[in-house]
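Thanks, everyone. I have a few minutes on one structure, so please look at it while I talk.

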Amino acid sequence: MLGARCLLRALRSCSSAPCPRHTPSAKLSVRDALGAQNTSGERVKVQGWIRSVRSQKEVLFLHINDGSSLESLQVVADSSFDSKELAFGSSVEVQGQLVKSPSKRQNVELKAEKIEVVGNCDAKDSGFVHIHTPIITSNDCEGAGELFQVEPSSKVKVPEENFFNVPAFLTVSGQLHLEVMSGAFTQVFTFGPTFRAENSQSRRHLAEFYMVEAEISFVESLQDLMQVMERLFKTATMLVLSNCPEDVELCHRFIAPGQKDRLEHMLKNNFLIISYTEAVEILKQASQNFTFTPEWGVDLHTEHEKFLVKHCGNIPVFVVNYPLALKPFYMRDNEDGPQHTVAAVDLLVPGVGELFGGSLREERYHFLEQRLARSGLTEAYQWYLDLRRFGSVPHGGFGMGFERYLQCILGIDNIKDVIPFPRFTHSCLL
């Protein structure tokens with residue numbers, strides 16, 4: 001959760017204590033620094049994110065990582081460098097001497113002469129507010145009708161009564177509630193259970209699962225939203241690798257050999273971006289025979305998503321601008337003529353397919369009013385439409401399935417193996 005709170009901090013710089021002038025430092029990645037053969041005091045510069053901080057009376061220890069390696073580089077500095085801004089998640093640039101480490105846990109360490117905080121990551125000052133969205137709701141956020149209805153056990157005796165006076169369901173998403181709160185707090189997120197009554201026995205579907213969802217006001221482009229999504233994935237992954245290395249290594253060694261290298265490949269590369277239209281053309285030109293024929297205007301299936309990721313070199317890929325007819329009413333109309341797409345984005349990752357789903361939200365009153373009217377939802381979502389009448393702003397958000405995320409980083413093939421008590425069609429044990 002700290003990762004989600006760190007994502008949109010404005011870049012702030014602070015200088016450390018002055019140090020003597022030296023010849024320009026060679027810039028190294030963490031991977032290159034860890035593998036360096038020359039440890040006789042060569043001056044280097046390393047940039048990355050702080051994964052842990054340990055302050056002693058006279059010495060400060062930092063572990064930093066830039067995504068090029070699963071192992072972090074230890075930085076040793078004088079205690080005078082200590083600062084509240086040197087916190088987990090802060091991005092830093094460290095200059096100093098690369099020396100042989102006296103510790104048996106690493107071969108080299110960086111003796112810091114200068115530490116500059118590039119981007120602060122104080123969770124209390126990050127601007128994201130944690131909202132506990134309700135589990136029982138009268139809304140169907142996805143509009144797919146795949147809902148679990150909530151009724152008291154006494155319902156069988158008095159069938160004509162509604163406990164809440166309206167039909168109530170287990171939530172499929174906290175998004176609509178987050179949109180309400182983003183109008184007050186600008187940047188909000190939630191992390192909690194969601195429920196889908198999908199009749200699916202697939203390896204990536206559950207009836208009950210957890211989602212990380214965020215909603216951000218004053219976001220005007222998918223590019224801004226995708227940056228947040230990519231940073232969340234990479235920051236959360238580095239946090240897991242830093243705090244649970246033995247658990248991750250166990251999965252990579254015995255369950256998913258080669259996953260360590262695949263994960264490093266994802267972390268060190270910028271995620272790619274293609275449009276839905278480009279994705280369909282790639283699929284049509286593929287030599288592979290698909291069970292579901294790819295066509296423009298038809299949703300992508302898991303086999304299509306996995307192929308697209310492989311086609312892109314097993315680097316996570318954003319697919320943007322989907323046909324309006326495929327997406328819910330709240331996604332922003334691109335007004336792009338005959339194709340008619342919305343500003344939607346899905347992040348596809350190796351081994352899983354879709355991991356994130358998000359969009360810019362339709363903040364324009366008349367556009368949303370027309371969409372709701374065409375769908376016959378005006379009465380049910382009048383409250384949502386009213387939000388656009390009183391100080392509405394451009395905004396957007398996304399959701400990430402937590403169990404699918406674990407599948408992705410650990411290399412687990414079946415989603416039922418990353419949750420203690422999986423709930424799915426015809427199975428609700430305990």
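I'll begin with a helix. In H11, the buried residues are Glu403, Arg404, Tyr405, Leu406, Gln407, Cys408, Ile409 and Leu410. Before going on, a reminder that this is a predicted model.

How much of H11 is covered? Helix H11 spans residues 402-410, and eight of its nine residues are buried. As background, an α-helix has 3.6 residues a turn, so residues three or four places apart point the same way. After H11 comes glycine 411, with a positive phi near 80°.

Now to the strands. Take S6 first, residues 108-119. Which strands are joined to S6, and in which sense? Strand S4, residues 73-78, runs parallel to S6 and is joined to it by two bridges. Within that pairing, valine 76 is opposite lysine 111 of S6. Strand S5, residues 91-100, runs antiparallel to S6, and 10 bridges join them. Here glycine 96 has alanine 112 in S6 as its bridge partner.

Next, a separate item: an open sheet. Three strands make up this sheet, in the order S8-S10-S9, and the pairing is antiparallel. Why is one side of S8 and of S9 left without a neighbour in the sheet? Strand S8 (136-137) and strand S9 (149-150) are at the edges and each has a single partner strand, so one side of each has no neighbour there.

S8 pairs with strand S10, residues 168-170, over two bridges in the antiparallel sense. In that pair, isoleucine 136 stands opposite leucine 170 of S10.

That's what I had. Questions are welcome.

How values were computed
Residues numbered from 1 in each chain as written. Predicted model: local features only at pLDDT ≥ 70, side-chain atom pairs only at ≥ 80, totals over all residues. Heavy atoms only, no water. Buried < 20%, exposed > 50% of the residue type's maximum accessible area, 1.4 Å probe, protein only. Helix = DSSP H or I, 4+ residues; strand = E, 2+ residues; numbered from the N terminus. Pairing = 2+ DSSP bridges.
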